[in-house]
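Here is a short briefing to read beside the sequence and the 3D view. Keep both open as you go.

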Number of protein chains: 2
Amino acid sequence: MDTKSRSARVYPCQKCPLKDRKVFRDLTGDELNFISRFKKGELSVDKGGTVLAEGTRNPHLYTILKGWAFRYKLLTDGRRQIVNFAMPGDLVGLQGTLMGDMQHSVEALSPMLLCVFEREELLRLYEAHPALGYDVTWIAAREESILDENLLSVGRRSALERLAYLLSFIAERARDVGLFNGRPMEIPITQQHLADTLGLSLVHTNKTVRKLAQGKLLRWRDGGCEILDLERLEDLAGWSPVEFPPRPFI
Amino acid sequence: MDTKSRSARVYPCQKCPLKDRKVFRDLTGDELNFISRFKKGELSVDKGGTVLAEGTRNPHLYTILKGWAFRYKLLTDGRRQIVNFAMPGDLVGLQGTLMGDMQHSVEALSPMLLCVFEREELLRLYEAHPALGYDVTWIAAREESILDENLLSVGRRSALERLAYLLSFIAERARDVGLFNGRPMEIPITQQHLADTLGLSLVHTNKTVRKLAQGKLLRWRDGGCEILDLERLEDLAGWSPVEFPPRPFI
DNA sequence: CGCGGTTTTGAGAATCCTCAAAACCAGTGG
DNA sequence: CCACTGGTTTTGAGGATTCTCAAAACCGCG
């Protein structure tokens, strides 16, 4: 189940498939060279595999190159809360890198490919390229801002609004990093994942999903959700587009 | 209502009342000197005053010296979600500093005194003292970790657990930074604040508070909550103490 | 004393939950 | 090729939690 494998380097940073996306800021040659040395290899994780586990101390920090994952926490009796999803360009493991033990787990929703960095070397990045250090803080602040929004949803939106908001949000993010690329907008999650993100029961989540499916806003197909009408979904969610400058990534 | 006033500098960083608390890491002389120049003044805000407003762009970044505040977001129809509380030693405004417009607001729960920094100079901090830049990231990661925990609460805990958890958490944090200091553990919030933090209605929050009050775990007095039995509160919350190394602050 | 903000209580209703079971579906091994 | 299995989705039904509405009580303050 927990099939991770360290593979040879397939993507040198100079040929990073993400770096030319317009949502990401451009890196200088120097920065790219540094990151290239900072990168220690690539890790592939199977669907369902655990990338990072709560309570452990992992020597690595990762940037997602390919695939989907989710970040979650558990209560002792097994109740699970998914706190965020992660996709290409996202950094995972920063919290553990800085604070010691991981306070949450990360699991793959699809086969993944990750860039591997050494946590011990992070400070050297700040020393060598302050702007990259600043970028890492930027990335952490962005995560914070996403969590604020999720908390607003779970605390104050109705089940239907919550679901619409979550799907809109995931779809927008995924589109930005090219996960759809013209193809249908399919999100590789189960309704149990949705339930654990929204703070709802599986049954009620299903009934809510059903409503959106009847309205042709989405459909459920082979273990995933396909967004059919993002626009109406965003209306329902009370979506207010927030424009950000190109974001950094490493 | 929005009474802010820029005051003369009362606390030079060398005499910062927080810097010797054991929850905070020690700063080198160089670092302290730099921070001292980085600090542009002090700001005092009345109880109920707005420190930062969602949708605006503020040229400043603050560290709280004295007082309590909360961070919140609003939906267009007025529903409010409090996402976190802030107290001495906490940095506020970082998200706006990095990403542009504020995505949340910050309001004072008590009279406050804040250290004022210029957002434009933040990058210089990374350049001059990479370790301090690293610290800022640390602070952001800590906020992230708190938000994860809040999300777990709101999404997966019952009303009673949620309330017990929230109060335990606030009390622990406040104690760490010396807000009680032997005195009774009084938290200057209304039940409306609790409700908006927990994602509950005011009425149901009140009924839940009542239960804890009947069990002598807390009592409500002159516009605030006094914790009477933190230990039992933590039991109820399923509290698992997490030990962190001394945390940075600037 | 009156006022605004806050806390408290009651009552009925909506949302959301749990339990239970069936339907569906892809993969596995016989 | 089929039966079986485990995971996922779907549906029904009754019940618990939480909500809204409404009003009263309380309390510091001008």
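Four strands of chain A form an open sheet in the order β3-β8-β5-β6, with antiparallel pairing. Helices (H or I, at least four residues) and strands (E, at least two) are DSSP runs, numbered from the N terminus. This is a predicted model: local features need pLDDT of at least 70, side-chain atom pairs count only at pLDDT 80 or more, and totals for chains, interfaces and linings use all residues. Residues are numbered from 1 along each chain as its sequence is written, chains are lettered from A and ligands numbered from 1 in the order written, and side-chain values use heavy atoms, leaving out hydrogens and water.

**The sheet in chain A**

- The edge strands are β3 (50-52) and β6 (80-86) of chain A, and each pairs on one side only. Two strands pair if DSSP finds at least two bridges between them.
- On average, neighbouring strands of this sheet are turned by 35° against each other, direction ignored.
- Strand β5 (69-74) of chain A runs antiparallel to β6(A), and six bridges join them.
- A:A69 has A:A86 in β6(A) as its bridge partner.

**Helices on the sheet**

- Helix α4 (130-156) of chain A lies across β5 and β6 of chain A, at about 135° to β6(A). Axes are lines fitted to C-alpha atoms, for helices over the stretch in contact, and angles run from 0 to 180 degrees between N-to-C directions.
- Helix α4 (130-156) of chain B also packs on this sheet, touching β5 and β6 of chain A. Its direction makes about 130° with that of β6(A). Contact means heavy atoms within 4.5 Å.

**DNA strand D**

- Of the 14 residues around DNA strand D, A:Q191, A:N206, A:W220, B:S201 and B:H204 come nearest. A residue is near a strand if one of its heavy atoms lies within 4 Å of it.
- A backbone N or O atom of A:Q191 lies 2.9 Å from a phosphate oxygen of DNA strand D.
- For B:S201, a backbone N or O atom is likewise 2.9 Å from a phosphate oxygen of DNA strand D.
- α7(A) gives the largest share of the surface near DNA strand D, five residues.

**Positive phi**

- Most residues other than glycine have a negative phi.
- A:N181 is not a glycine, yet has a positive phi of about 55°.
- A:K216 has a positive phi near 65°. A:K216 is exposed, with a relative accessible area of 61%.

How values were computed:
Buried means under 20% relative accessible area, exposed over 50%, partly exposed in between (1.4 Å probe, protein chains only). A polar contact is a pair of N or O atoms within 3.5 Å; within protein, one must be able to donate a hydrogen and the other to accept it, and residues adjacent in sequence count only if both atoms are side-chain atoms.
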